[in-house]
Amino acid sequence: MRLPSSPPADRPTYQDRSPGVSLPRYAAGPLVQVARRLMLATGVMALAVVLVWFDRRGYHDNHDSEVSFTDVLYYVTVSLSTTGYGDVVPATDGARLMTTFCITPLRVAFLIILVGTTLEVLTERTRDQWRLAYWRKHLRDHTVIVGFGTKGRSAAETLISGGLSQDQIVVVDPDTAVVESANALGFAGVVGDATRSDVLVRARADRARQVVIATQRDDTAVLVALTARQLSKQVRIVASVREQENVPLLRQSGADSVITSASAVGRLLGLSMISPSSGSVMEDLIQHGKGLSLKERPVTSEEAGRSPRESADLVVSVIRGHRLLPFDDPDVATLELTDRLVVIHRVTPEEEHHMPRRAQEKGPGSWRIPRR
């Protein structure tokens, strides 16, 4: 097995500083929240000033017996802040009633706005704990993507365009910034080294349906596959490696499918040189969600009993039981309802409009489960 002697220079060394799960949260930035609170506090003060100004004859100033606009502003400020020096006071019954039923509720609202940040932090922490507990309890049959670089992002986009929802994808990566970018796209994330079983357990890989390994190093992919297979014997593991010679090791480590990224790109380059049109068709097939797309689907009742060539889509392979057979195999000359087909499907404009960009429909966030 060919192993790199040192980690790539562009890959940061992992330090497990954040062992928790990071779930998408969508909230306004701190400056926006502060500006919003300042506007609310200013609005409360302005309302109190207007009320006292229209009833200023019911107030008494111990200094000069006249209540000016400056005195009204001063009285509202010290009153809402609960300072209350007593130099400007309500003197008539109407002014006292207004202070009781108007100024006092505004004072309470003003204080709530001032201490709202603390209350919001406590409320948010409690809500995060409940949401995280709910997530851990109910998450199952999901997809874990280990490594969220170019390969991991492309895998996530393809899964989403294929119908998988964002809350059924969990990203695992040792880089905190990468997990934060996954959060911004609406995915839950775990910061940690996926070769460690406790990190994969936080991603609930023991209850996942499939694990996609898209790490930068082949030796890391082997260790992740071993760890994931140890946690679950049923989970489907799909791994990517750089070198063809490492494919048998990945399969021995428990990977069900192994994709050789370097050789696949090389074959596509060679095919594009020999036949540019064939290369364009292959590139179109790889890009899921538009143009021509590879798709696995069940046999319809209309197709049962017929030849694969009579299907509305171009049948490439037939899955019968645990066997993957080519379309021209004599054993699949007649389709059965229990078969599944791998077909080349033309994506319609309606499908192209609805399938992609689900990851961008959410707003940016950082710790965080999507709001329901």
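Guide: Welcome! A residue is buried if its relative accessible area is under 20%, exposed if over 50%, and partly exposed in between, using a 1.4 Å probe and protein chains only. Phe148 is buried, and Phe187 is buried as well. This is a predicted model, in which local features need pLDDT of at least 70 and side-chain atom pairs count only at pLDDT 80 or more, while totals for chains, interfaces and linings use all residues. Residues are numbered from 1 along each chain as its sequence is written, and side-chain values use heavy atoms, leaving out hydrogens and water.

Visitor: What makes Phe148 and Phe187 an aromatic pair, and which kind is it?

Guide: Rings of Phe, Tyr and Trp (its six-membered ring) pair if their centres lie within 6.5 Å; planes under 30 degrees apart are stacked, over 60 edge-to-face, and the rest tilted. Phe148 and Phe187 have 5.9 Å between centres and 70° between planes, so the pair is called edge-to-face.

Visitor: What makes the pairing of Arg320 and Asp339 a polar contact?

Guide: A polar contact is a pair of N or O atoms within 3.5 Å; within protein, one must be able to donate a hydrogen and the other to accept it, and residues adjacent in sequence count only if both atoms are side-chain atoms. The side chains of Arg320 and Asp339 meet at 2.6 Å, so the distance passes the cut-off. Contact in general means heavy atoms within 4.5 Å. Beyond four places in sequence, Arg320 touches residues including Asp331, Leu335 and Asp339.

Visitor: Where is the largest nonpolar core, and what makes a set of residues a core?

Guide: A nonpolar core is a set of buried Ala, Val, Leu, Ile, Met, Phe, Trp, Tyr and Cys residues joined through side-chain atoms within 4.5 Å. The largest one has 31 residues, and those with the most contacts inside it are Val144, Val146, Val172, Ile213 and Leu250. Helix H8 (residues 218-231) gives the most to this core, with 5 residues. Apart from it lies another core of 16 residues, among them Ala41, Val76, Leu80 and Met98.

Visitor: What makes S5 and S6 paired strands?

Guide: Two strands pair if DSSP finds at least two bridges between them. Strand S5 (residues 169-173) and S6 run parallel and are joined by 4 bridges, so they qualify.

Visitor: What makes S5, helix H6 and S6 a unit with a handedness?

Guide: A crossover is right-handed if, with the strands pointing away from the viewer, the path from the first strand over the helix to the second runs clockwise. S5, helix H6 (residues 176-184) and S6 make a right-handed β-α-β unit.

Visitor: How do you know that both faces of strand S6 are covered?

Guide: In a regular strand, side chains alternate between the two faces of the sheet. In S6 (residues 188-191), Ala188 and Val190 on one side and Gly189 and Val191 on the other are all buried.

Visitor: What is there to say about phi of Arg204?

Guide: Most residues other than glycine have a negative phi. Arg204 has a positive phi near 55°. Arg204 is in the loop between helix H7 (197-202) and strand S7 (210-213), and at 19% Arg204 counts as buried. Asp141 also has a positive phi, near 55°, in the loop between H4 and S4; at 42%, Asp141 is partly exposed.

Technical notes: Helices (H or I, at least four residues) and strands (E, at least two) are DSSP runs, numbered from the N terminus.
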